[in-house]
Amino acid sequence: MNTRQQIIANALRQRHDEVCKTASITALTAIEAQQFRRWSPPETWFESTGDSLSAIRALAADEQIACTETAPPDESSFFDDLQASIREPQRRFELLMTRYLHPLNVAASSEYRVREHLLERLMVADRSRIEQHSLHLLHAGDLLLRLNLIAIYASFTTDLRYLDALNYYYELLPSAWSPELPHNWLRVSFLSFYVRALAVHFTHTN
Amino acid sequence: MRTGILAHSFSSAFTIYKAVQDLPGQEVFIILSPSPHRSATASHLANLARFVVTTLKGFDLKPLQLLATGKLIFLRRPLHNEQSVDTLRKLELDVGLHKAGVIYRDVTINAFRLGILNHHIGILPAYRGRSVLEWSILQGDTVGITVFFVDTGIDTGARILMSEEVDITSYTSVAEAKEYLFNLDRIFFPKALALLTGSEPSFQLNDGTGPRYFVMSKLFEGVVDRLLQAKHRAG
C-alpha cells in the first residue's frame, strides 16, 4: 500500500469507528458488527415480493432478502419521471420505493444514470438548500431514502464520489436530528450502510 | 482582437486586465455585472469603492482611462438579461474571459464571436465540477489548468484551448494551492489569447465523459491536506 492509500485508509477507519460510536447510541446492534454479510450486486435485476422500506430495514440489520434474478424494468420512463419529480419530493419518494423493491438493484449496471442523478441532486440542490436555508425545508423521507440508496451503492463502487456524499451528509446533518416521519429509522439505516461502505473501502484500500 | 473580461468585482477583473492589456493586437474591456448575491445598486457601489481604492492605492490612472474611453462597462442586469446581451453585442467582442461566478446561457455566450474562455483549475475532461483540485490530489492524478471555451453545462465546453500540468509541491495546504492555481489566470489567459491570435488555433476535444465532481467533505479535505504535506516532505 502506498502513502496515499495509507492516508486514505487511516481516515476512513477513524471515521468508521466514530460512526459506530454514534450509531450505537441509536441502538442498532448490527451496525457494530465488523463482519457484514457479503452483498452481491444483481447481474441484471433482483425481483422481490416485499416492499422497499422493509427491505432497507432488513439490509441495514444485515438480514437476507429472498429474491430471484429477472430482467430490469423499463428505464426510460422511470428516469424521465424521476427528473420531472425534482420539485415533488413525495412523488419522488414513491417512485424510488416502487423502483427499488429490492434496494440492491440500485447497484445494477442499468441504474447508472439514476445514481448520477441522485448523487447530483444530493450534492448540489439539496446540500445548498440545507446549508443556505434549513434542513426542515426538505422532505425528510425523500432525502433519507435517496441517501440510503447512495449509501448502498457506495459499498459496490470504487468511485469515491459516492462515499464522499455520505461523508458530507454525515457531517452536515445534525447528530440530534430525529425526523418526524413514519420511517425515521431511515436515518439509522443510512448510518448502517455508511459504516458498511467505510469498512468496504478501507478493506479494499488495504 | 476585442476581449471582454466578465466579472462581478472590479478588482478581480482589473488584475486580468493588467495581464492582458499589453498583448499585441488586444483591445480589452471590463464588463461588470451585478453579483447574484447582491442587488445591482449594492454591487455597483461596492465596485465604485474598489475602483477608487485601486486608483488611489496604486497611483494608477488606468482605471480612470478605462472609464473615460468607455472600456469599463457596468451592466445593470445579469449577463443573460436582454439589455445586457444587447450591450455585449454592440461591443462586437471576439472573446470573453470568465471571472464572474455564473453558469452562462447560450444567449450570453453567443454574444462573443469565438465564445467565453474559462480558466479551470483541473484537467479536463477528467475533472469537471467543484473541488477538482482536491479530487485530483485525492486520486493521485495530475494537477493542472485547462483553458477552454464554456458552454451551458458544467465544464462540458467541447473546445479545450490549452491544458497544462502545474507543480504544487511547494504548498502544504489545499487553501494555499487553490489560491495559487486561481491566481494563475493572469498567466494562462494571456497564453490563451496569444494562441487565439496566432495562426489557426487547434483545440483538444472535451468529450464531457469525465464524471462531475462535487464539493468535498471535511474528512477528505483533511486527507488531501495530509497528502499535500506528504508530497511536500518527499520533495
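In this model, 17 residues of chain B are in contact with 15 residues of chain A, contact meaning that the C-beta atoms of two residues, placed from the backbone, lie within 7 Å. The model is predicted, so local features need pLDDT of at least 70 and side-chain atom pairs count only at pLDDT 80 or more, whereas totals for chains, interfaces and linings use all residues. Residues are numbered from 1 along each chain as its sequence is written, and chains are lettered from A, with ligands numbered from 1, in the order in which they are written.

**The side of chain B that touches chain A**

- Strand E10 (212-213) and helix H9 (218-234) of chain B each supply at least two residues to this side; helices (H or I, at least four residues) and strands (E, at least two) are DSSP runs, numbered from the N terminus.
- H9(B) gives the most to the side of chain B that touches chain A, namely 8 residues.
- By class, the residues of the side of chain B that touches chain A comprise 11 nonpolar, 3 polar and 3 charged, where Ala, Val, Leu, Ile, Met, Phe, Trp, Tyr, Cys and Pro count as nonpolar, Asp, Glu, Lys and Arg as charged, and the others, Gly among them, as polar.

**The sheet of chain B**

- Chain B holds an open sheet of 8 strands with mixed pairing, in the order E3-E2-E1-E4-E5-E7-E8-E9; two strands pair if DSSP finds at least two bridges between them.
- Strand E3 (72-74) and strand E9 (204-205) of chain B stand at the edges with a single partner strand each, so one side of each has no neighbour in the sheet.
- Strand E1 (residues 2-7) of chain B pairs with E4(B) in the parallel sense over 5 bridges, and B:Ile5 stands opposite B:Leu97 in E4(B).
- Strand E4 (residues 95-99) of chain B also runs parallel to strand E5 (residues 115-120) of chain B, to which 3 bridges join it, and B:Gly96 has B:Ile116 in E5(B) as its bridge partner.
- Because 5 of the 5 residues of E4(B) are buried, this strand is largely enclosed by the rest of the structure; a residue is buried if 20 or more other C-beta atoms, placed from the backbone, lie within 10 Å of its own.
- Both faces of E4(B) are covered, with B:Val95, B:Leu97 and B:Lys99 buried on one side and B:Gly96 and B:His98 buried on the other.

**The two domains of chain B**

- Chain B is assigned domain 1 (1-113) and domain 2 (119-235), with bounds that come from an automatic or database domain assignment.
- The centres of domain 1 and domain 2 of chain B, taken over C-alpha atoms, are separated by 24 Å.
- Their contact takes 17 residues from domain 1 of chain B and 11 residues from domain 2 of chain B.

**Helix H5 of chain A**

- Helix H5 (residues 112-132) of chain A has a kink of about 35 degrees centred on A:Asp126, the bend at a residue being the angle between axes fitted to the seven residues ending there and the seven starting there.
- The buried residues of H5(A) are A:Val114, A:Leu118, A:Leu119, A:Leu122, A:Met123 and A:Asp126, and these pack against helix H3 (76-84), helix H6 (140-154) and helix H7 (160-172) of chain A.

How values were computed. Expected span 1.5 Å × (residues − 1). Buried ≥ 20, exposed ≤ 12 C-beta atoms within 10 Å, placed from the backbone.
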